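Dear colleague,

Please find the structure below, together with its sequence. My notes on helix packing follow it.

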Amino acid sequence: MQTCDWSERSASGHPDVARRESSKGRGKGRAIMAERQLQKKGKKSDDGLGSVVDFLLANARLVLGVGGAAVLGIATLAVKRLMDRAAMPPDEKDTDEKAEQKSIEESWKEAVLMKASPELARKANRADLSTALPAPEPPQPTDDAASGSNPERPPVVEKTPMCFTLQETLLHYYTHEALVPEAKTQVAKQLVLDIMSELQNVLKAKHPEMPFSAMQLGGSLGNGLPVTSLERAHVLLPLSLEPHLWTFVPGQETILNDPQFWMIKRVNLEYTARGSSPWDRFMLGGYLSTRTIVESLHKTILASVNWPAIGTVLECSVWPVVAPEDLRLEVVRQDFRVTINILPVAETKDVVLLAHTHSTAPAENLWRRSYYREEMLRLQELDRSDDGIRQKCLHILRSICRQRPGLGQLSPTHLRQVLLHVSNDSSDWSEPSMADRFLQVVEELIGYLGSGTLPCYFNERVNLFSRLTEEEIDEVGYGLYQIFTDPNSLLAK
């Protein structure tokens, strides 16, 4: 029997064993080659991933903007640092971690700055360009340039200037906040005049027995002064009263003994029969009843006028207010909204009376004395005499009271009267002293509110604050105190 020698010599000399050794050597060579190919493939894969990341980072500015691209780059850098730090020795990790933290913080600050400042972002974009840009080609002449006409430039946005003093704040507020643009004012004025004309024709057709004089446009729209708001407009409806049949009774001579509210009394009844005047049917207790006149006009305006048709012609929406004690029209146009107050007026000599139909009125035949004409004439006269800024202060105050709900109880009459009172105490109303006069007017208003009394400039017996409650006075006083202590907050939105 042949014995098998398992020594190296016999193994290497055996043909099967040699074949197996050769096969094993080739297998080992293939493994080495495969490992090298995998390394090359991994390197290519890493290069491919890096190129993809570079492509994303390069185009991130287009998609995410400069700030977004910076944040994406920081995130990619953090991931790469984590992978590199995993393969580092422990001693080098601490040093690299501190450097990485500092780099991330600096990159984050730079991203925030670039996002907050467009100028800095543009500089960063220019710094990132690694290749030189080709020189720009000269612009080709266009038809407009050949014809000599200037191309249209984009509109320049006017920036709000910084106001450091109260004087600058008031002047800026007057120009940009207190006044309605003239073009818009003219559109609103023409619309109110058209509605007033339509209403005048309806009243003549429906009530020919009621002699009304021509309707007039009141307020700022009627006297041509700068307009602070288009929210309200006033239309005056004068009554034609026979002077020998009706007499005006001052408020202090009536049973109420209130100089602010007058009455109109029917006289000569012993010589002229009842019904001789067309206004006799609106008489109550021997006096002309304001409530009866207003209710009759309200029925006509509500039921006898085709407001949808008028609104269609005037390109707006018009409808009357349903409350019987109010003669008001709501008008809505595409660019503004206005409430038209229709005021029956009785006038004799220098006295103008408005029909007073307030729900809390103590009687139904009261007429409120109006001082609007005297107030405006006096303010204009004073401003002309010393080139004053009283009317500018009035417009600023009216705009502030309109924009702040807590000051809504202050009427334009209150503001005009306080200005007249302050004019008696101060003589310098030039424009450089606007800040001082403004604060003085606000301070005087606070003082009058504290006492609960604002005497009329033309009749000291009239208290113009008599209709304000204690809660309303406190609310208005608090709002004025805030303006007095921090007047620069007028420009705060």
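Helix 11 and helix 13 pack with their axes 10 Å apart, at an angle of about 40°. Axes here are lines fitted to C-alpha atoms, for helices over the stretch in contact, and angles run from 0 to 180 degrees between N-to-C directions. Helices (H or I, at least four residues) and strands (E, at least two) are DSSP runs, numbered from the N terminus.

Please note that this is a predicted model, in which local features need pLDDT of at least 70 and side-chain atom pairs count only at pLDDT 80 or more, while totals for chains, interfaces and linings use all residues. Residues are numbered from 1 along each chain as its sequence is written, and side-chain values use heavy atoms, with hydrogens and water left out.

Given their angle, helix 11 and helix 13 are therefore oblique to each other (under 35 degrees counts as roughly parallel, over 145 as roughly antiparallel, 65 to 115 as roughly perpendicular and the rest as oblique). Their contact (heavy atoms within 4.5 Å) brings Tyr372, Glu375, Met376, Arg378, Leu379 and Leu382 of helix 11 against Thr413, Arg416, Gln417, Leu419, Leu420 and Ser423 of helix 13. By class, six of these residues are nonpolar, three polar and three charged; Ala, Val, Leu, Ile, Met, Phe, Trp, Tyr, Cys and Pro count as nonpolar, Asp, Glu, Lys and Arg as charged, and the others, Gly among them, as polar.

A second pair is formed by helix 12 (residues 390–403) and helix 14 (residues 434–451), whose axes come within 11 Å and cross at roughly 55°. These two helices are therefore also oblique to each other. On the helix 12 side the contact is made by Lys392, Cys393, Ile396, Leu397 and Ile400, and on the helix 14 side by Met434, Phe438, Val441 and Val442. The residues of this contact comprise eight nonpolar, no polar and one charged.

Helix 12 is mostly covered, with ten of its 14 residues buried (under 20% relative accessible area, with a 1.4 Å probe and protein chains only). Among the buried residues are Arg390, His395 and Ser399. The buried residues of helix 12 pack against helix 6 (166–178), helix 11 (372–386), helix 13 (412–425), helix 14 and helix 15 (470–485).

For the protein overall, there are 15 helices and eleven strands, and 36% of the 493 residues count as buried.

Yours sincerely

Key:
Buried < 20%, exposed > 50% of the residue type's maximum accessible area, 1.4 Å probe, protein only.
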